[in-house]
Amino acid sequence: MKDCPCGSNFPYTDCCGPLIRGTGFADTAEDLMRSRYTAFAENNWEYLVLTSHPEEKKEMARLESDLVDQGADWKKLEIVGTRSGGREDSEGQVDFVAHYVKNGAPQTLRESSRFYKINGRWVYSRKDSTLPPVPVSSQKKPKTFVRDEAKVGRNDPCPCGSGKKYKKCCI
């Protein structure tokens, strides 16, 4: 049996498989988050729409081609934290990092996802979820340009040797 893509270390048939097939329902917001990640990994858009907040289903169905990235190879899901979202809660939040490869380059998606329990079932709310800002410490700084030679000013002699000013010659 293959392990579930959600990273739970359980077989797919015992983890997200029943949720995606519709033979079971998520007990917690995190369970729904994991099954939605697995649906992304399988390009199962129907499940993603089905588990969306009722007010957002039409919009989710319309956005399919924009949100499902056929070229992404989903590698790993990291649950960073959860707030509420247990069996007895009516709403919850799951912070995660999803790792994937696209065009041969490793990528990450970070999100703080909101979930609500409606009629006893957990659903995902896209409009209430956020992509957290990238911390300043992890943003790439531009590489400093270092010249090999002295800078040639507009009024300096042209380096080509013509004897003219640079601004009248090789600009």
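This is a predicted model: local features need pLDDT of at least 70, side-chain atom pairs count only at pLDDT 80 or more; totals for chains, interfaces and linings use all residues.

Visitor: What percentage of the residues in the chain is buried?

Guide: A residue is counted as buried when its relative accessible area is under 20%. The chain has 171 residues. The buried ones make up 34%.

Visitor: Which pattern does the chain follow along the sequence?

Guide: The chain contains five helices and four strands. Read along the sequence, the pattern is α-α-α-α-α-β-β-β-β.

Visitor: How many bridges join S1 to S2?

Guide: S1 covers residues 72–84 and S2 covers residues 91–102. These two strands run antiparallel, and arginine 83 stands opposite glutamine 93 in S2. They form a hairpin with six residues between them, where glycine 85 in the turn has a positive phi of about 85°. The number of bridges joining S1 to S2 is eleven.

Visitor: Which residue takes a positive phi in the hairpin of S2 and S3?

Guide: S2 and S3 pair in the antiparallel sense over twelve bridges. Lysine 102 stands opposite alanine 105 in S3. Two residues lie between the strands of this hairpin, and the one with a positive phi near 55° is asparagine 103.

Visitor: Which residue in S4 is the bridge partner of serine 112?

Guide: S3 spans residues 105–118 and S4 spans residues 121–130, and the two pair in the antiparallel sense over six bridges. Their hairpin has two residues between the strands, and asparagine 119 takes a positive phi near 55° there. The bridge partner of serine 112 in S4 is threonine 130.

Visitor: Which element gives the largest share of the largest nonpolar core?

Guide: The largest nonpolar core has 28 residues, and those with the most contacts inside it are Cys16, Met33 and Phe115. The elements that give two or more residues to this core are H1, H2, H3, S1, S2 and S4. The largest share is five residues, and it comes from H2.

Key: Residues are numbered from 1 along each chain as its sequence is written. Side-chain values use heavy atoms; hydrogens and water are left out. Two strands pair if DSSP finds at least two bridges between them. Buried means under 20% relative accessible area, exposed over 50%, partly exposed in between (1.4 Å probe, protein chains only). A nonpolar core is a set of buried Ala, Val, Leu, Ile, Met, Phe, Trp, Tyr and Cys residues joined through side-chain atoms within 4.5 Å.
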